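Subject: Handing over a structure, with notes on what was found

Dear colleague,

I am passing on the structure below, and I would be glad if you read it alongside the notes that follow.

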Amino acid sequence: RQINGLVNEWYLEDLSENIRKTFDVKRKQGLHIGSFVCYGYDRSKENKNKLIIDKEAAEVVRLIYNLCEQGKGTTKIAMMLNEQGILPPTKYKMSKGLNFKTRGHNIDYWTETTIGKILKNEVYIGNMVQGYNRKVSYKSKKTVNVPQSNRIIVENTHEPIITKEQFYKIQEILKSRTRRCQNGEKH
């Protein structure tokens, strides 16, 4: 029994490694392999690994970038979107028939965290960014964040929603908005 258990353990470990390598190859080809696509995009009907623009949500993404460019902060943008009655990403996806579970996140309102993630996501300039998290082991469901330098980024894989110039301008604006504590360190 011990030998049989050991052989089964090796088999599962090998299978897990092969699946991980296959996913890495797909990521390096610029194919989307996630369960859900980013807000503003939809899956192509012909190729489920290809992203196409969702016109309705893309307009909201453009609005978010334009408001930030005009000097509005993430909290103010979230308040404006909530006042206008625009559905936040999770509610919007649910309204389109996607069924997924949230883990205690507020899905009824736009938040500054959601706006911040949209403003920092390179997917909106046509780059496929994947590999944010990695499982610790095939035996565990625990995941760890992957450093920015180890993420897989493939440029120009799909149609961008905003221009690269606007995206990089927003990144500079976001960097300049950091606050400092009384001791001089960044908050």
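Let me begin with a pair of helices: helix 2 passes helix 3 in a right-handed crossing, where a crossing is right-handed if the near helix is turned clockwise from the far one by less than a right angle, and left-handed if anticlockwise. Helices (H or I, at least four residues) and strands (E, at least two) are DSSP runs, numbered from the N terminus. Please keep in mind that this is a predicted model, in which local features need pLDDT of at least 70 and side-chain atom pairs count only at pLDDT 80 or more, while totals for chains, interfaces and linings use all residues. Residues are numbered from 1 along each chain as its sequence is written, and side-chain values use heavy atoms, with hydrogens and water left out.

Two packed helices are described by the angle between their axes and the distance between the axes. Helix 2 covers residues 55-69 and helix 3 covers residues 74-83, and the two pack at an angle of about 140° with their axes 10 Å apart; axes here are lines fitted to C-alpha atoms, for helices over the stretch in contact, and angles run from 0 to 180 degrees between N-to-C directions. That angle makes helix 2 oblique to helix 3, since angles under 35 degrees count as roughly parallel, over 145 as roughly antiparallel, 65 to 115 as roughly perpendicular and the rest as oblique. On the side of helix 2 the contact (heavy atoms within 4.5 Å) is made by Val60, Leu63, Ile64, Leu67 and Cys68, and on the side of helix 3 by Ile77, Met80 and Leu81. By class, the residues of this contact are eight nonpolar, no polar and no charged, where Ala, Val, Leu, Ile, Met, Phe, Trp, Tyr, Cys and Pro count as nonpolar, Asp, Glu, Lys and Arg as charged, and the others, Gly among them, as polar.

Helix 3 also packs against helix 5, and the axes of these two come within 8 Å and cross at roughly 110°, which makes helix 3 roughly perpendicular to helix 5. Here Thr74, Thr75, Ile77, Ala78 and Leu81 of helix 3 meet Glu112, Ile115, Gly116 and Leu119 of helix 5, and the contact has five nonpolar, three polar and one charged residues.

As for the chain as a whole, its secondary structure comes to six helices and six strands, and from the N terminus on the elements run α-β-β-α-α-α-α-β-β-β-β-α. The C-alpha atoms fill a box of roughly 65 × 50 × 30 Å, taken along the principal axes. Of the 187 residues in the chain, 33% are buried, where buried means under 20% relative accessible area, exposed over 50%, and partly exposed in between (1.4 Å probe, protein chains only). Among the contacts with a separation of 6 or more, 61% join residues 24 or more positions apart.

Which residues touch the most other members of the largest nonpolar core? In this core of 32 residues, they are Tyr39, Ile64, Tyr65, Trp110 and Tyr124; a nonpolar core is a set of buried Ala, Val, Leu, Ile, Met, Phe, Trp, Tyr and Cys residues joined through side-chain atoms within 4.5 Å. Strand 2 (51-53), helix 2, helix 3, helix 5 (112-120) and helix 6 each supply at least two residues of this core, and helix 2 gives the largest share, eight residues. Leaving out residues up to four places away in sequence, Tyr39 touches, among others, Val60, Trp110 and Tyr124.

Some single residues also deserve a look. Arg27 lies in helix 1 (residues 2-28) and counts as buried at 15% relative accessibility; apart from its neighbours within four places in sequence, Arg27 is in contact with Ile33, Gln130, Gly131, Ile152 and Val154. Cys38, in the loop between helix 1 and strand 1 (41-43), is partly exposed with a relative accessible area of 26%. Asn156 sits in the loop between strand 6 (152-154) and helix 6 (164-176), has a positive phi of about 55° although it is not a glycine, and counts as exposed at 56% relative accessibility.

With best wishes
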